[in-house]
Amino acid sequence: ALERSQQDRDTLEQQATELRRSNEDLEQFAYVASHDLQEPLRKVASFCQMLQRRYADQLDDRARQYIGFAVDGATRMQELINDLLAFSRIGRVFADLREVDLDEVFARAEANLSRAVEEAEATITADPLPRVQGDPTLLTMLWQNLLGNAVKFHHPDRPPRVRVTVDETPDGWWE
């Protein structure tokens with residue numbers, strides 16, 4: 001029994017070592033991918049802004065709006081890439097909690113879903129949300145999943161209506 005226990009401990013230690021190595025590989029991949037993906041996004045945003053400045057007097061409102069969409073999309077993609085990088089490090093930085101403005105996190109999640117919301121003709125409203133202790137990336141992912149599911153899984157004969165309310169209790173906030 002003692003020998004079997006030692007073998008199990010050795011196996012567990014070996015698996016833990018492999019898991020640490022695998023996590024380090026994932027983090028390295030996410031870092032390289034984020035760097036490689038962000039450079040083209042910076043170029044897209046930069047060239048769109050240059051077009052806007054150089055040809056501002058020749059662009060109609062719709063063209064300016066399209067350029068704004070392109071710049072906004074590139075900026076959001078950069079934020080998502082940064083979030084992916086942060087998420088790849090989550091095992092090491094999970095305890096890095098800070099004050100998070102849920103209104104900002106909620107707005108970011110809603111912006112990430114703007115196309116799905118528009119296509120479903122969804123209406124999303126929320127009470128003013130509190131500031132809480134947490135991880136902004138994880139909270140954005142949480143809101144994005146909740147809102148995304150609400151938009152995706154709705155009654156087929158009606159557009160989705162999502163209403164987020166909050167109540168403060170002696171034990172904290174309830175949503």
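**Group meeting: a walk through the model**

A word on the source. This is a predicted model, where local features need pLDDT of at least 70, side-chain atom pairs count only at pLDDT 80 or more, and totals for chains, interfaces and linings use all residues. Residues are numbered from 1 along each chain as its sequence is written, and side-chain values use heavy atoms, leaving out hydrogens and water.

Back to glutamine 65. It is found in helix H2, residues 61-88.

Is glutamine 78 buried or exposed? It counts as buried, at 16% relative accessibility. What does glutamine 78 touch, leaving aside neighbours within four places in sequence? Gln38, Leu41 and Arg42. Contact means heavy atoms within 4.5 Å.

Now the whole protein. It has six helices and six strands. These are DSSP runs, numbered from the N terminus: helices are H or I with at least four residues, strands are E with at least two. Along the sequence the pattern reads α-α-α-β-α-α-β-β-α-β-β-β.

Next, the overall dimensions. The C-alpha trace spans about 80 × 45 × 35 Å along its principal axes. Of the 175 residues, 25% count as buried. Take contacts between residues at least 6 apart in sequence: 77% of them join residues at least 24 apart.

On to aromatic rings. How many aromatic pairs are there? The count comes to one. Phenylalanine 106 and tryptophan 143 have ring centres 5.0 Å apart and planes at 80°, so the pair is edge-to-face. The rule takes rings of Phe, Tyr and Trp (its six-membered ring) with centres within 6.5 Å; planes under 30 degrees apart are stacked, over 60 edge-to-face, the rest tilted. This pair links distant parts of the chain: phenylalanine 106 is in helix H4 (residues 102-112), tryptophan 143 in helix H6 (residues 136-152), 37 residues apart. Both phenylalanine 106 and tryptophan 143 are buried.

Last stop: glutamate 121. It lies in the loop between helix H5 (114-119) and strand S2 (123-126). Glutamate 121 counts as exposed, at 58% relative accessibility. Its phi is near 55°, a positive value in a residue other than glycine. Most residues other than glycine have a negative phi.

Terms used:
Buried < 20%, exposed > 50% of the residue type's maximum accessible area, 1.4 Å probe, protein only.
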